[in-house]
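Here are my notes for you, written as a few numbered points. Have the chain open while you go through them.

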Amino acid sequence: MINYIHSDDAAMVKARFAEALKSPGESLPIELRVRHSDGHYVWIEGTLTNLLNLNVVKALVTNYRDVTGRKQAEEKIQQLNAELEQRVAERTRQLIATNRELEAFSYSVSHDLRAPLRGIDGWSLALLEDYGKALDDAARGYIGRVRSEAQRMGVLVDNLLDMARI
C-alpha cells in the first residue's frame, strides 16, 4: 500500500499508523493522497482504528472516502483569496497615491485661493482706513460686504480642506 501513497504524505501516514498502534480502540482521522489505478492522485480522508486487541477482528481498520473535489475547491478558494488580497493591496496603494495627489492639489488650490482673498480683504480694509471718511454710507457698506464675503470665502476654503483631509 505504501507504494500508492504520495511521497509528500508517506512520512505522515507512517506516523499515523504508529500512533494508531499505540492507541487501541481509538479512531484517528487521516487525510492523504493515493495514486489511482490510472496514475493520477486523489485525495482521501478517513479514520484509522486499531482493533488488534479484538479477537474477532485483530486488524487496523481504515475507512476512507474520496475528497478530491473538496480539496480542489479548497485550493481554488486559496488561489482566489491570494489573488483578491493582491488586488486589494494594489487598490489600496492606488487609493493612497490618489489621496496624496488630492491632498497636494487641495493645498495648492487653497493657497492659490487664499492669497487673492487676503488681497481683496486687505485692500478693502486699506480703502476704508484711508478713504472711509470721503465715502458715503452706501460705499462703505459695499466695501464692508466685499470684506465680509472675502472672509466667508476663506472659511469655505478652510472647510473644503478639512473635508479633503477626511
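1. Which residues make up the largest nonpolar core? The members are Ile5, Val13, Ile30, Leu32, Val34, Val42 and Ile44, seven residues in all. A nonpolar core here is a set of buried Ala, Val, Leu, Ile, Met, Phe, Trp, Tyr and Cys residues joined through side-chain atoms within 4.5 Å. Two or more residues each come from strand 1 (27–35) and strand 2, and strand 1 gives the largest share, three residues.

2. A word on the source: this is a predicted model, where local features need pLDDT of at least 70, side-chain atom pairs count only at pLDDT 80 or more, and totals for chains, interfaces and linings use all residues. Numbering starts from 1 along each chain as its sequence is written, and side-chain values use heavy atoms, with hydrogens and water left out.

3. Now look at Asn3, in the segment before helix 1 (10–21). Helices (H or I, at least four residues) and strands (E, at least two) are DSSP runs, numbered from the N terminus. Asn3 counts as exposed because its relative accessible area is 59%; the cut-offs are under 20% for buried, over 50% for exposed and partly exposed in between (1.4 Å probe, protein chains only). Its C-alpha atom is 62 Å from that of Glu101, 98 residues apart along the chain.

4. Leu54 sits in the loop between strand 2 (41–50) and strand 3 (60–66). Why is Leu54 called partly exposed? Because its relative accessibility is 40%.

5. Check Trp43 too: Lys71 lies over its face, 4.3 Å from the ring centre. "Over" needs NZ of Lys or CZ of Arg within 6 Å of the ring centre and within 35 degrees of the ring normal.
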